[in-house]
Every structure is written in structure tokens, then in C-alpha cells.
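Hi there,

Here is the structure I promised to pass on. Have a look at it first, and then read on for what turned up.

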Amino acid sequence: YDTEEHTLRELRIFLRDMCKKLANNRLFFMFTKPVDTEEVPDYTTIIKKPMDLETMMMKVDFHKYECARDFLNDIELICQNALEYNPARTSADKQIRHRACSLRDYAYTLIKTEMDSDFEDKCQEIAKKR
Ligand SMILES: CC(=O)c1csc(NC(=O)C2C[NH2+]C2)n1
């Protein structure tokens with residue numbers, strides 16, 4: 001019955017759908033799983049807070065997100081990490097930077113257009129009290 005739990009459950013359902021839509025877009029495949037430190041040994045020496053869409057899906061299931069803003073903060077982290085790790089003028093680095101910015105803009109737009117703004121306000125109110 002607890003309406004706060006109903007609200008947070010609805011948020012988790014919405015955020016799982018967001019994760020799925022982002023992870024299913026082939027443009028974002030390099031952001032779908034943690035960077036393999038075997039293949040890319042210097043990654044964790046440069047990037048202190050790795051993040052990826054599979055980890056975000058697990059965080060949804062572990063009730064780590066109390067509002068969409070917390071979810072977008074992790075999307076922002078994925079994007080910033082990619083910009084930091086791929087600064088070069090090479091086409092490979094430019095392509096990854098472009099896709100990181102596309103991921104960020106697509107996630108913000110999806111949430112802005114598909115999420116009721118006072119639903120997010122309600123989630124943030126609940127988060128404040130906890
Ligand atoms: C997730 C992420 O940002 C990532 C995975 S591999 C990679 N970059 C490269 O493999 C090289 C292209 N210049 C370095 N960036």
C-alpha cells in the first residue's frame with residue numbers, strides 16, 4: 001500500500017526501460033559493459049570512477065537510484081569518462097567522444113520527454129526525506 005514504495009517501484013520500471021533503450025542502440029555499444037582492464041590495462045589508471053549501462057541496470061535493481069537525476073548523474077559519468085580517456089585528434093577518439101555526447105543528449109531528451117516532471121519532483125521529495 002505504501003505509496004512511496006509504489007512511486008519508487010514505478011521509477012525503477014521507467015529507469016530499466018531507459019537502460020534497455022540506451023543499451024540496445026548500436027551507437028553506444030562501447031558504453032554497455034565495464035571496460036575490460038585486460039584489453040585496456042591503463043583504463044583504471046586514468047578513469048577513477050568507471051561506469052557503464054550494465055552496471056547502471058544493476059544499480060536500478062539494487063534500488064541505488066531514488067530519482068531520475070541520480071540516474072542522469074551516472075550517464076554524465078559515462079560521458080565524462082569517455083571524453084577524458086579519448087582526448088586525441090584521431091578519428092577513433094573523435095568518434096567515441098561524439099558517441100559519448102550523443103548518449104548524454106539522448107538520455108536527457110528521453111527522460112525529459114517520457115517522464116512526467118511532477119513524478120520526478122515526487123521522487124526527489126522522497127529522496128530528500130531519506
Ligand atoms: C568506454 C571508453 O571510453 C573506451 C573504451 S575503449 C576506448 N578507447 C580506445 O580504445 C582507444 C581509442 N583511443 C584510445 N574508450
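Let's start with a pair of helices: α1 passes α5 in a right-handed crossing. (A crossing is right-handed if the near helix is turned clockwise from the far one by less than a right angle, and left-handed if anticlockwise.) Helix α1 covers residues 3-23, and the two pack at about 145° with their axes 11 Å apart. Axes here are lines fitted to C-alpha atoms, for helices over the stretch in contact, and angles run from 0 to 180 degrees between N-to-C directions. On the α1 side the contact is made by F14, D17, M18, K21 and L22, and on the α5 side by L103, Y106, A107, L110, I111 and E114. Contact means heavy atoms within 4.5 Å. Sorted by class, that gives eight nonpolar, no polar and three charged residues. (Ala, Val, Leu, Ile, Met, Phe, Trp, Tyr, Cys and Pro count as nonpolar, Asp, Glu, Lys and Arg as charged, and the others, Gly among them, as polar.)

Before going further, a word on where this comes from. This is a predicted model, where local features need pLDDT of at least 70, side-chain atom pairs count only at pLDDT 80 or more, and totals for chains, interfaces and linings use all residues. Residues are numbered from 1 along each chain as its sequence is written, and side-chain values use heavy atoms, with hydrogens and water left out.

Next, how do α4 and α5 cross? The axes of α4 (residues 68-85) and α5 (residues 91-114) come within 8 Å and cross at roughly 170°. That makes α4 roughly antiparallel to α5, a label used for angles over 145 degrees. Among the residues in contact are F71, L72 and I75 of α4 and I96, A100 and L103 of α5. The contact of α4 with α5 has 16 nonpolar, no polar and four charged residues.

Then there is α3 (residues 53-61), whose buried residues are L53, M56 and V60. Buried means under 20% relative accessible area, with a 1.4 Å probe and protein chains only. Seen down the axis of α3, these residues fall within an arc of 50°, so they line one face of the helix. (The arc is that of the directions from the helix axis to the C-beta atoms.) Their cover includes α1, α4 and α5.

Stepping back, the chain has six helices and zero strands. Helices are DSSP runs of H or I with at least four residues, strands are runs of E with at least two, and both are numbered from the N terminus. Of the 130 residues, 35% are buried.

Cheers!

Note on methods:
Angles under 35 degrees count as roughly parallel, over 145 as roughly antiparallel, 65 to 115 as roughly perpendicular and the rest as oblique. Buried means under 20% relative accessible area, exposed over 50%, partly exposed in between (1.4 Å probe, protein chains only).
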